[in-house]
Amino acid sequence: MAKKTTLTDLFIHALSDVYSAEKQLTKALPKLARAATNPDLAAAFETHLEETQGQIERIDQVVESSGVKLKRMKCAAMEGLVEEGQEVIDELDKGPVLDAALIGAAQKVEHYEIATYGTLCVLAKQLGFNDAAKLLAETLQEEKETDRKLTVLAEQQVNDEAAGVA
Ligand SMILES: [Fe+2]
(Lines give C-alpha, C1' and ligand atoms only; values in the text may rest on other atoms or scores of the structure.)
Protein backbone atom coordinates (compact mmCIF):
# COMPACT_ATOMS: atom_id res chain seq x y z
CA MET A 1 0.00 0.00 0.00
CA ALA A 2 1.20 3.50 -0.76
CA LYS A 3 2.46 5.51 2.19
CA LYS A 4 0.20 8.26 3.43
CA THR A 5 1.68 11.58 2.38
CA THR A 6 0.47 14.90 3.73
CA LEU A 7 0.76 18.39 2.34
CA THR A 8 3.33 19.07 5.07
CA ASP A 9 5.36 16.12 3.72
CA LEU A 10 5.24 17.69 0.25
CA PHE A 11 6.41 21.00 1.70
CA ILE A 12 9.31 19.33 3.52
CA HIS A 13 10.26 17.41 0.40
CA ALA A 14 10.25 20.51 -1.82
CA LEU A 15 12.14 22.56 0.77
CA SER A 16 14.78 19.84 1.25
CA ASP A 17 15.10 19.56 -2.52
CA VAL A 18 15.65 23.28 -3.05
CA TYR A 19 18.13 23.37 -0.17
CA SER A 20 20.21 20.82 -2.05
CA ALA A 21 19.67 22.75 -5.30
CA GLU A 22 20.98 25.99 -3.78
CA LYS A 23 23.99 24.21 -2.24
CA GLN A 24 24.87 22.71 -5.62
CA LEU A 25 24.48 26.12 -7.23
CA THR A 26 26.97 27.75 -4.85
CA LYS A 27 29.57 25.34 -6.26
CA ALA A 28 28.55 25.88 -9.90
CA LEU A 29 28.25 29.69 -10.00
CA PRO A 30 31.99 30.41 -9.50
CA LYS A 31 32.68 28.13 -12.50
CA LEU A 32 30.13 30.03 -14.60
CA ALA A 33 31.70 33.34 -13.51
CA ARG A 34 35.19 32.13 -14.49
CA ALA A 35 33.94 30.87 -17.86
CA ALA A 36 32.26 34.19 -18.74
CA THR A 37 34.12 36.73 -20.89
CA ASN A 38 31.68 39.63 -20.62
CA PRO A 39 32.54 41.38 -17.32
CA ASP A 40 28.91 42.28 -16.60
CA LEU A 41 27.91 38.63 -17.01
CA ALA A 42 30.72 37.47 -14.73
CA ALA A 43 29.60 40.10 -12.19
CA ALA A 44 25.98 38.91 -12.45
CA PHE A 45 27.08 35.35 -11.59
CA GLU A 46 29.15 36.66 -8.64
CA THR A 47 26.21 38.70 -7.38
CA HIS A 48 23.90 35.72 -7.67
CA LEU A 49 26.39 33.61 -5.72
CA GLU A 50 26.10 36.05 -2.81
CA GLU A 51 22.32 36.03 -3.17
CA THR A 52 22.29 32.24 -3.23
CA GLN A 53 24.25 32.11 0.03
CA GLY A 54 21.61 34.42 1.51
CA GLN A 55 18.86 32.18 0.13
CA ILE A 56 20.38 29.18 1.91
CA GLU A 57 20.29 31.14 5.18
CA ARG A 58 16.70 32.06 4.39
CA ILE A 59 15.82 28.35 4.04
CA ASP A 60 17.26 27.85 7.54
CA GLN A 61 14.90 30.61 8.75
CA VAL A 62 11.98 28.95 6.93
CA VAL A 63 12.80 25.68 8.70
CA GLU A 64 12.92 27.43 12.05
CA SER A 65 9.72 29.41 11.60
CA SER A 66 7.67 26.50 10.27
CA GLY A 67 9.05 23.95 12.73
CA VAL A 68 9.79 21.31 10.09
CA LYS A 69 12.89 19.15 9.77
CA LEU A 70 14.73 18.94 6.45
CA LYS A 71 15.51 15.59 4.86
CA ARG A 72 18.93 14.78 3.43
CA MET A 73 18.51 14.49 -0.30
CA LYS A 74 20.11 15.50 -3.58
CA CYS A 75 18.19 17.59 -6.08
CA ALA A 76 18.50 15.53 -9.27
CA ALA A 77 17.10 18.33 -11.43
CA MET A 78 19.78 20.80 -10.34
CA GLU A 79 22.42 18.13 -10.78
CA GLY A 80 21.32 17.78 -14.42
CA LEU A 81 21.12 21.53 -15.02
CA VAL A 82 24.61 22.06 -13.56
CA GLU A 83 25.89 19.22 -15.73
CA GLU A 84 24.47 20.92 -18.82
CA GLY A 85 26.23 24.13 -17.82
CA GLN A 86 29.49 22.23 -17.46
CA GLU A 87 28.97 20.69 -20.90
CA VAL A 88 28.82 24.07 -22.65
CA ILE A 89 31.93 25.18 -20.76
CA ASP A 90 33.73 22.02 -21.92
CA GLU A 91 32.51 22.21 -25.50
CA LEU A 92 32.77 25.90 -26.41
CA ASP A 93 35.78 28.23 -26.61
CA LYS A 94 35.78 31.18 -24.27
CA GLY A 95 34.04 34.17 -25.84
CA PRO A 96 30.67 35.71 -26.63
CA VAL A 97 29.06 32.52 -27.99
CA LEU A 98 29.94 30.69 -24.77
CA ASP A 99 28.58 33.70 -22.87
CA ALA A 100 25.26 33.35 -24.72
CA ALA A 101 25.20 29.63 -23.89
CA LEU A 102 26.00 30.34 -20.22
CA ILE A 103 23.07 32.74 -20.05
CA GLY A 104 20.81 30.03 -21.50
CA ALA A 105 22.04 27.48 -18.98
CA ALA A 106 21.67 29.92 -16.08
CA GLN A 107 18.14 30.87 -17.12
CA LYS A 108 17.12 27.20 -17.05
CA VAL A 109 18.37 27.13 -13.47
CA GLU A 110 16.46 30.29 -12.59
CA HIS A 111 13.25 29.00 -14.12
CA TYR A 112 13.57 25.76 -12.19
CA GLU A 113 14.03 27.75 -9.00
CA ILE A 114 11.16 30.12 -9.82
CA ALA A 115 8.87 27.10 -10.25
CA THR A 116 10.08 25.53 -7.01
CA TYR A 117 9.83 28.67 -4.87
CA GLY A 118 6.43 29.45 -6.40
CA THR A 119 5.16 26.04 -5.29
CA LEU A 120 6.77 26.37 -1.86
CA CYS A 121 5.23 29.79 -1.33
CA VAL A 122 1.73 28.54 -2.13
CA LEU A 123 2.19 25.44 0.06
CA ALA A 124 3.49 27.54 2.97
CA LYS A 125 0.44 29.82 2.78
CA GLN A 126 -1.91 26.84 2.62
CA LEU A 127 -0.24 25.30 5.67
CA GLY A 128 -0.47 28.56 7.63
CA PHE A 129 3.32 29.03 7.69
CA ASN A 130 2.92 32.74 7.06
CA ASP A 131 6.42 33.87 8.05
CA ALA A 132 7.88 31.10 5.89
CA ALA A 133 5.68 32.19 2.98
CA LYS A 134 7.05 35.75 3.25
CA LEU A 135 10.66 34.52 3.29
CA LEU A 136 10.04 32.24 0.32
CA ALA A 137 8.40 35.11 -1.60
CA GLU A 138 11.55 37.20 -1.07
CA THR A 139 13.69 34.49 -2.64
CA LEU A 140 11.18 34.00 -5.44
CA GLN A 141 11.49 37.72 -6.22
CA GLU A 142 15.31 37.50 -6.29
CA GLU A 143 15.20 34.57 -8.71
CA LYS A 144 12.82 36.44 -11.01
CA GLU A 145 15.06 39.51 -10.88
CA THR A 146 18.14 37.41 -11.74
CA ASP A 147 16.31 35.88 -14.68
CA ARG A 148 15.29 39.35 -15.90
CA LYS A 149 18.86 40.64 -15.53
CA LEU A 150 20.15 37.75 -17.64
CA THR A 151 17.60 38.50 -20.38
CA VAL A 152 18.71 42.16 -20.43
CA LEU A 153 22.38 41.12 -20.64
CA ALA A 154 21.60 38.80 -23.55
CA GLU A 155 19.56 41.39 -25.42
CA GLN A 156 21.72 44.44 -24.78
CA GLN A 157 25.23 42.98 -24.94
CA VAL A 158 26.01 39.32 -25.30
CA ASN A 159 23.85 38.26 -28.25
CA ASP A 160 25.13 41.13 -30.41
CA GLU A 161 28.71 40.22 -29.53
CA ALA A 162 27.99 36.56 -30.28
CA ALA A 163 26.29 37.37 -33.59
CA GLY A 164 29.51 39.11 -34.66
CA VAL A 165 31.53 35.90 -34.27
CA ALA A 166 32.12 34.43 -37.72
FE1 LIG B 1 18.33 30.41 -5.69
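**View 1. Gly-67 follows helix H2 in this predicted model.** The phi of Gly-67 is positive. Its value is near 70 degrees. Step back from Gly-67 and you are in H2, the subject of the next view.

**View 2. The ends of helix H2 lie 40 Å apart.** H2 has 28 residues. At 1.5 Å a residue, this helix should span 40 Å, so the distance between its end C-alpha atoms agrees with what is expected. Several side chains to find here belong to buried residues, including Leu-41, Ala-44, Phe-45 and His-48. Further along the list come Thr-52, Gln-55, Ile-59, Val-62 and Ser-66, also buried. What covers the buried residues of H2? The cover includes H1, H4 and H5.

**View 3. The largest nonpolar core holds 42 residues.** Which of these touch the most other members? They are Leu-102, Leu-120, Ala-124 and Leu-136. Five helices each supply at least two residues of this core: H1 (7-35), H2 (39-66), H3 (76-91), H4 (96-126) and H5 (130-163). H4 gives the most, with 13 residues.

**View 4. Leu-136 sits among contacts from elsewhere in the sequence.** Leave out residues up to four places away in sequence. Leu-136 then touches Val-62, Tyr-117, Leu-120, Cys-121 and Ala-124. One of these, Val-62, is a buried residue of H2.

**View 5. Leu-140 is a buried residue of helix H5.** Why does Leu-140 count as buried? It has 20 C-beta neighbours inside 10 Å, and a residue is buried if 20 or more lie within that distance, so Leu-140 qualifies. Leaving out residues up to four places away in sequence, Leu-140 touches Ile-114, Tyr-117, Gly-118 and Cys-121. Now find Leu-120. Leu-140 and Leu-120 are 20 residues apart in sequence. In space, their C-alpha atoms are 9.5 Å apart.

**View 6. The chain as a whole has 5 helices and 0 strands.** Read along the sequence, the pattern is α-α-α-α-α. The C-alpha atoms fill a box of roughly 60 × 35 × 20 Å, taken along the principal axes. Of the 166 residues, 36% count as buried. Consider contacts between residues at least 6 apart in sequence: 80% of them join residues at least 24 apart.

Terms used:
Residues are numbered from 1 along each chain as its sequence is written. A nonpolar core is a set of buried Ala, Val, Leu, Ile, Met, Phe, Trp, Tyr and Cys residues joined through C-beta atoms within 7 Å. A residue is buried if 20 or more other C-beta atoms lie within 10 Å of its own, exposed if 12 or fewer, and partly exposed in between; C-beta atoms are placed from the backbone. Helices (H or I, at least four residues) and strands (E, at least two) are DSSP runs, numbered from the N terminus. Two residues are in contact if their C-beta atoms, placed from the backbone, lie within 7 Å. The expected span of a helix is 1.5 Å times one less than its number of residues.
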